[in-house]
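User: Hey, I've got a structure to get my head around before class. Can you walk me through it?

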Amino acid sequence: MRAVVWVNGQISDAASAAIPVFDHGFLYGEGVYETLRTYDQRPAFFERHMQRLRRSAGMMALAVPYDDAGFLARVHETTTALDAPGERYIRILLTRGVGDLTYDPAACPTPSLVIIVKPFAEPPVRSFTEGIAVALVGVRRNHPAALNPRIKSNNLLNNALAMQEALRQGAEEALMLNQAGHVTECSQANFFVVLGDTLVTAPLEAGLLPGITREYVLELAARLGVPAAERDYAPAELASATEAFVTSTTREVMAVTRIDDRIVGDGRPGPITNQLLEAYRAGVN
(Lines give C-alpha, C1' and ligand atoms only; values in the text may rest on other atoms or scores of the structure.)
Protein backbone atom coordinates (compact mmCIF):
# COMPACT_ATOMS: atom_id res chain seq x y z
CA MET A 1 0.00 0.00 0.00
CA ARG A 2 1.41 3.37 -1.01
CA ALA A 3 1.14 5.46 2.12
CA VAL A 4 3.17 7.25 4.76
CA VAL A 5 2.34 7.12 8.46
CA TRP A 6 3.21 9.44 11.35
CA VAL A 7 3.23 7.53 14.65
CA ASN A 8 4.03 9.56 17.76
CA GLY A 9 6.54 11.73 15.93
CA GLN A 10 8.07 9.14 13.61
CA ILE A 11 7.26 9.02 9.88
CA SER A 12 7.63 5.75 8.00
CA ASP A 13 6.10 3.85 5.13
CA ALA A 14 2.95 1.85 5.79
CA ALA A 15 4.79 -1.47 6.06
CA SER A 16 7.11 -0.18 8.78
CA ALA A 17 4.57 1.79 10.85
CA ALA A 18 3.73 0.16 14.18
CA ILE A 19 1.76 0.75 17.35
CA PRO A 20 2.44 -1.23 20.56
CA VAL A 21 0.08 -4.15 21.21
CA PHE A 22 -0.62 -2.75 24.68
CA ASP A 23 -2.06 0.43 23.15
CA HIS A 24 -5.64 0.69 24.37
CA GLY A 25 -6.77 1.72 20.91
CA PHE A 26 -5.78 -1.76 19.75
CA LEU A 27 -6.86 -3.60 22.89
CA TYR A 28 -10.21 -1.93 23.53
CA GLY A 29 -10.96 0.39 20.62
CA GLU A 30 -10.44 3.35 22.95
CA GLY A 31 -9.80 6.13 20.51
CA VAL A 32 -11.27 8.61 18.07
CA TYR A 33 -10.47 9.49 14.50
CA GLU A 34 -11.11 11.93 11.67
CA THR A 35 -10.97 11.37 7.93
CA LEU A 36 -10.05 14.30 5.71
CA ARG A 37 -9.20 14.82 2.08
CA THR A 38 -7.39 17.61 0.31
CA TYR A 39 -8.46 19.94 -2.47
CA ASP A 40 -5.52 21.68 -4.15
CA GLN A 41 -3.36 19.97 -1.50
CA ARG A 42 -5.20 21.68 1.37
CA PRO A 43 -7.20 19.65 3.94
CA ALA A 44 -10.86 20.64 3.59
CA PHE A 45 -12.83 21.78 6.66
CA PHE A 46 -9.80 21.25 8.88
CA GLU A 47 -11.07 23.38 11.77
CA ARG A 48 -14.45 21.63 11.75
CA HIS A 49 -12.77 18.23 11.82
CA MET A 50 -10.58 19.25 14.73
CA GLN A 51 -13.59 20.61 16.61
CA ARG A 52 -15.37 17.27 16.17
CA LEU A 53 -12.26 15.31 17.19
CA ARG A 54 -12.06 17.32 20.42
CA ARG A 55 -15.77 16.81 21.06
CA SER A 56 -15.45 13.05 20.50
CA ALA A 57 -12.38 12.86 22.71
CA GLY A 58 -14.11 14.84 25.43
CA MET A 59 -17.00 12.39 25.49
CA MET A 60 -14.59 9.61 26.48
CA ALA A 61 -12.26 11.70 28.70
CA LEU A 62 -9.41 11.35 26.21
CA ALA A 63 -6.66 13.97 26.32
CA VAL A 64 -5.91 15.80 23.06
CA PRO A 65 -2.18 16.56 22.83
CA TYR A 66 -2.08 19.47 20.34
CA ASP A 67 -3.99 22.58 19.37
CA ASP A 68 -5.23 22.97 15.80
CA ALA A 69 -1.98 24.53 14.64
CA GLY A 70 -0.04 21.62 16.12
CA PHE A 71 -2.21 19.07 14.35
CA LEU A 72 -1.99 20.96 11.07
CA ALA A 73 1.80 21.11 11.25
CA ARG A 74 2.02 17.35 11.75
CA VAL A 75 -0.50 16.69 8.98
CA HIS A 76 1.51 18.92 6.65
CA GLU A 77 4.71 17.11 7.59
CA THR A 78 3.10 13.78 6.74
CA THR A 79 1.38 14.85 3.52
CA THR A 80 4.60 16.32 2.14
CA ALA A 81 6.45 13.09 2.95
CA LEU A 82 4.23 11.22 0.48
CA ASP A 83 5.98 11.21 -2.89
CA ALA A 84 2.95 10.95 -5.13
CA PRO A 85 0.97 13.29 -7.38
CA GLY A 86 -2.58 14.38 -6.78
CA GLU A 87 -4.77 14.86 -3.75
CA ARG A 88 -4.35 13.19 -0.36
CA TYR A 89 -6.50 11.04 1.88
CA ILE A 90 -5.75 11.80 5.55
CA ARG A 91 -6.77 9.80 8.60
CA ILE A 92 -5.97 11.09 12.09
CA LEU A 93 -6.29 8.57 14.93
CA LEU A 94 -5.95 9.43 18.60
CA THR A 95 -5.97 6.61 21.15
CA ARG A 96 -5.83 6.30 24.92
CA GLY A 97 -2.23 5.16 24.60
CA VAL A 98 -0.15 2.34 26.03
CA GLY A 99 -1.08 0.86 29.40
CA ASP A 100 -1.73 -2.27 31.40
CA LEU A 101 -4.67 -4.58 30.74
CA THR A 102 -7.27 -2.52 32.57
CA TYR A 103 -10.10 -0.14 31.75
CA ASP A 104 -8.67 2.46 34.13
CA PRO A 105 -7.66 5.54 32.05
CA ALA A 106 -4.97 6.32 34.64
CA ALA A 107 -2.99 3.35 33.27
CA CYS A 108 -2.37 5.29 30.06
CA PRO A 109 -0.61 8.56 30.88
CA THR A 110 0.19 9.50 27.27
CA PRO A 111 -2.18 9.26 24.29
CA SER A 112 -0.98 7.87 20.95
CA LEU A 113 -1.36 9.82 17.72
CA VAL A 114 -1.28 8.27 14.27
CA ILE A 115 -1.62 10.14 10.97
CA ILE A 116 -2.08 8.08 7.80
CA VAL A 117 -1.66 9.75 4.42
CA LYS A 118 -2.14 8.06 1.08
CA PRO A 119 -3.14 9.16 -2.43
CA PHE A 120 -6.81 10.04 -2.59
CA ALA A 121 -8.73 7.57 -4.75
CA GLU A 122 -11.51 9.48 -6.46
CA PRO A 123 -14.83 7.61 -6.53
CA PRO A 124 -15.79 6.33 -9.98
CA VAL A 125 -17.44 9.00 -12.11
CA ARG A 126 -20.42 6.67 -12.60
CA SER A 127 -21.16 6.91 -8.87
CA PHE A 128 -22.05 10.57 -9.42
CA THR A 129 -23.64 10.27 -12.85
CA GLU A 130 -25.61 7.07 -12.21
CA GLY A 131 -25.81 6.90 -8.42
CA ILE A 132 -25.26 3.98 -6.07
CA ALA A 133 -27.38 1.25 -4.49
CA VAL A 134 -27.93 1.00 -0.74
CA ALA A 135 -29.43 -1.82 1.29
CA LEU A 136 -31.60 -1.37 4.35
CA VAL A 137 -29.86 -3.78 6.74
CA GLY A 138 -30.90 -5.59 9.89
CA VAL A 139 -27.97 -4.33 11.95
CA ARG A 140 -29.28 -1.45 14.08
CA ARG A 141 -27.28 1.68 14.79
CA ASN A 142 -25.72 1.74 18.24
CA HIS A 143 -28.08 3.18 20.85
CA PRO A 144 -26.68 6.48 22.21
CA ALA A 145 -26.97 5.13 25.75
CA ALA A 146 -24.74 2.17 24.80
CA LEU A 147 -22.10 3.60 22.46
CA ASN A 148 -23.01 7.10 21.35
CA PRO A 149 -22.67 7.47 17.55
CA ARG A 150 -21.75 11.12 18.12
CA ILE A 151 -18.35 9.83 19.20
CA LYS A 152 -16.37 9.21 16.02
CA SER A 153 -14.84 6.18 17.62
CA ASN A 154 -12.16 3.79 16.41
CA ASN A 155 -14.60 1.05 17.46
CA LEU A 156 -16.37 0.53 14.11
CA LEU A 157 -17.73 -2.99 14.55
CA ASN A 158 -21.33 -1.77 14.30
CA ASN A 159 -20.56 -0.08 10.98
CA ALA A 160 -18.49 -2.97 9.67
CA LEU A 161 -21.19 -5.57 10.36
CA ALA A 162 -23.78 -3.38 8.65
CA MET A 163 -21.58 -2.87 5.60
CA GLN A 164 -20.82 -6.58 5.35
CA GLU A 165 -24.55 -7.30 5.25
CA ALA A 166 -25.01 -4.72 2.49
CA LEU A 167 -22.16 -6.17 0.45
CA ARG A 168 -23.76 -9.61 0.65
CA GLN A 169 -26.87 -8.03 -0.87
CA GLY A 170 -24.87 -6.50 -3.73
CA ALA A 171 -25.23 -2.93 -2.45
CA GLU A 172 -22.57 -0.24 -2.14
CA GLU A 173 -23.74 1.11 1.21
CA ALA A 174 -25.69 -0.02 4.27
CA LEU A 175 -28.62 2.03 5.57
CA MET A 176 -29.30 1.54 9.28
CA LEU A 177 -32.30 2.07 11.53
CA ASN A 178 -32.14 2.98 15.20
CA GLN A 179 -33.77 1.05 18.04
CA ALA A 180 -37.05 2.93 17.48
CA GLY A 181 -37.15 1.79 13.85
CA HIS A 182 -36.35 5.18 12.34
CA VAL A 183 -33.85 5.76 9.53
CA THR A 184 -30.53 7.08 10.84
CA GLU A 185 -27.49 6.94 8.56
CA CYS A 186 -25.31 4.71 6.45
CA SER A 187 -22.30 2.72 7.59
CA GLN A 188 -19.84 5.25 6.15
CA ALA A 189 -21.96 8.28 5.35
CA ASN A 190 -24.93 10.37 6.37
CA PHE A 191 -28.16 9.95 4.41
CA PHE A 192 -30.67 12.37 2.86
CA VAL A 193 -33.93 11.92 0.99
CA VAL A 194 -36.22 14.32 -0.83
CA LEU A 195 -39.83 13.87 0.31
CA GLY A 196 -42.24 16.14 -1.53
CA ASP A 197 -40.32 19.38 -1.93
CA THR A 198 -38.32 18.97 1.29
CA LEU A 199 -34.82 17.67 1.86
CA VAL A 200 -35.02 15.39 4.90
CA THR A 201 -32.33 13.86 7.09
CA ALA A 202 -32.48 12.24 10.50
CA PRO A 203 -31.82 14.48 13.52
CA LEU A 204 -28.71 13.93 15.59
CA GLU A 205 -30.95 12.86 18.48
CA ALA A 206 -31.93 9.78 16.43
CA GLY A 207 -28.42 8.44 17.01
CA LEU A 208 -26.01 9.33 14.25
CA LEU A 209 -22.66 10.94 13.64
CA PRO A 210 -22.70 14.72 13.14
CA GLY A 211 -21.07 14.59 9.72
CA ILE A 212 -18.98 17.52 8.55
CA THR A 213 -20.29 17.18 4.99
CA ARG A 214 -23.84 16.74 6.33
CA GLU A 215 -23.51 19.98 8.25
CA TYR A 216 -22.18 21.85 5.23
CA VAL A 217 -24.89 20.47 2.92
CA LEU A 218 -27.57 21.72 5.31
CA GLU A 219 -25.89 25.14 5.20
CA LEU A 220 -25.84 25.01 1.40
CA ALA A 221 -29.51 24.05 1.28
CA ALA A 222 -30.41 27.08 3.39
CA ARG A 223 -28.26 29.31 1.17
CA LEU A 224 -29.86 27.93 -2.02
CA GLY A 225 -33.40 28.13 -0.72
CA VAL A 226 -33.92 24.36 -0.64
CA PRO A 227 -36.43 23.51 2.13
CA ALA A 228 -34.78 21.13 4.59
CA ALA A 229 -35.84 19.35 7.75
CA GLU A 230 -34.08 17.25 10.37
CA ARG A 231 -36.75 14.85 11.59
CA ASP A 232 -37.45 11.25 12.42
CA TYR A 233 -38.89 9.20 9.59
CA ALA A 234 -39.76 5.56 9.10
CA PRO A 235 -38.40 3.30 6.36
CA ALA A 236 -41.90 3.19 4.80
CA GLU A 237 -41.42 6.83 3.77
CA LEU A 238 -38.48 5.83 1.57
CA ALA A 239 -41.01 4.51 -0.96
CA SER A 240 -42.13 8.07 -1.72
CA ALA A 241 -38.65 9.58 -1.97
CA THR A 242 -38.01 11.29 -5.31
CA GLU A 243 -34.28 11.65 -4.59
CA ALA A 244 -31.75 10.29 -2.14
CA PHE A 245 -28.06 10.80 -1.56
CA VAL A 246 -25.25 10.14 0.89
CA THR A 247 -22.74 12.66 2.19
CA SER A 248 -19.20 12.10 3.44
CA THR A 249 -15.70 13.49 3.15
CA THR A 250 -14.70 11.03 0.45
CA ARG A 251 -18.05 10.80 -1.39
CA GLU A 252 -19.04 14.48 -1.22
CA VAL A 253 -22.73 14.44 -2.30
CA MET A 254 -23.40 11.10 -4.03
CA ALA A 255 -26.78 10.13 -5.42
CA VAL A 256 -28.57 6.98 -4.29
CA THR A 257 -30.69 5.63 -7.13
CA ARG A 258 -31.69 2.27 -5.66
CA ILE A 259 -32.72 1.26 -2.14
CA ASP A 260 -32.97 -2.52 -1.87
CA ASP A 261 -34.92 -3.53 -4.99
CA ARG A 262 -36.68 -0.19 -5.47
CA ILE A 263 -35.56 2.50 -7.87
CA VAL A 264 -35.46 6.01 -6.39
CA GLY A 265 -37.24 8.62 -8.50
CA ASP A 266 -36.53 8.07 -12.18
CA GLY A 267 -33.37 6.11 -11.46
CA ARG A 268 -31.03 9.03 -12.07
CA PRO A 269 -29.42 11.63 -9.78
CA GLY A 270 -32.08 14.27 -9.16
CA PRO A 271 -31.96 18.06 -9.56
CA ILE A 272 -31.56 18.84 -5.85
CA THR A 273 -28.76 16.27 -5.52
CA ASN A 274 -26.94 17.71 -8.54
CA GLN A 275 -27.45 21.29 -7.35
CA LEU A 276 -26.00 20.51 -3.94
CA LEU A 277 -23.07 18.55 -5.40
CA GLU A 278 -22.20 21.47 -7.68
CA ALA A 279 -22.45 23.95 -4.81
CA TYR A 280 -20.41 21.69 -2.53
CA ARG A 281 -17.56 21.38 -5.02
CA ALA A 282 -17.59 25.11 -5.69
CA GLY A 283 -17.44 25.78 -1.95
CA VAL A 284 -14.52 23.51 -1.12
CA ASN A 285 -12.37 24.42 -4.13
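This is a predicted model: local features need pLDDT of at least 70, side-chain atom pairs count only at pLDDT 80 or more; totals for chains, interfaces and linings use all residues.

User: At what angle do α6 and α7 cross?

Analyst: Roughly 110°, and their axes come within 10 Å; α6 is residues 212-224. Angles from 65 to 115 degrees count as roughly perpendicular, so that is the word for how α6 and α7 sit to each other. On the α6 side the contact is made by Thr213, Tyr216, Val217, Leu220, Ala221 and Leu224. On the α7 side, the residues are Gln275, Leu276, Ala279, Tyr280, Gly283 and Val284.

User: Switching to sheets. In what order do the six strands of the open sheet come?

Analyst: The order is β2-β1-β6-β5-β3-β4, with antiparallel pairing. The edges belong to β2 (10-13) and β4 (42-43): each has a single partner strand, so one side of each has no neighbour in the sheet.

User: What actually holds strands together in a sheet?

Analyst: Strands pair through backbone hydrogen bonds, and the pairing can be parallel or antiparallel.

User: Are the faces of β1 covered or open?

Analyst: Both are covered. Val4 and Trp6 are buried on one side, and Val5 and Val7 are buried on the other.

User: What's going on in the hairpin of β1 and β2?

Analyst: There are two residues between the strands, and Asn8 takes a positive phi near 50°. That is a positive value in a residue other than glycine. Asn8 is partly exposed, at a relative accessible area of 42%.

User: And what lies across β3 in that sheet?

Analyst: That's helix α2 (residues 46-58), which lies across β3 (31-39), β4 and β5 (88-95). Helix α2 runs at about 175° to β3.

User: Which residues does Leu72 touch?

Analyst: Pro43 and Phe46, leaving aside residues up to four places away in sequence. Leu72 and Phe46 are 26 residues apart in sequence, and their C-alphas are 8.1 Å apart in space. As for where it belongs, Leu72 is in helix α3 (residues 68-81). With a relative accessible area of 38%, Leu72 is partly exposed.

User: One more strand: how many residues of β14 are buried?

Analyst: Seven of its eight, so to speak: β14 (residues 252-259) is mostly covered. Strand β7 (residues 132-136) runs parallel to β14 and is joined to it by three bridges, with Ala133 opposite Arg258. Strand β13 (residues 243-248) is joined to β14 by four bridges and runs antiparallel. In that pair, Thr247 and Val253 are bridge partners, and the two strands form a hairpin with three residues between them.

User: How many bridges link β14 and β15?

Analyst: Two, in the antiparallel sense, with β15 at residues 262-263. Arg258 turns up again here, opposite Ile263 in β15. The hairpin of β14 and β15 has two residues between the strands, and Asp260 takes a positive phi near 55° there. Asp260 is not a glycine, and at 29% relative accessibility Asp260 counts as partly exposed.

Key:
Residues are numbered from 1 along each chain as its sequence is written. Side-chain values use heavy atoms; hydrogens and water are left out. Two strands pair if DSSP finds at least two bridges between them. Contact means heavy atoms within 4.5 Å. Axes are lines fitted to C-alpha atoms, for helices over the stretch in contact, and angles run from 0 to 180 degrees between N-to-C directions. Angles under 35 degrees count as roughly parallel, over 145 as roughly antiparallel, 65 to 115 as roughly perpendicular and the rest as oblique. Buried means under 20% relative accessible area, exposed over 50%, partly exposed in between (1.4 Å probe, protein chains only).
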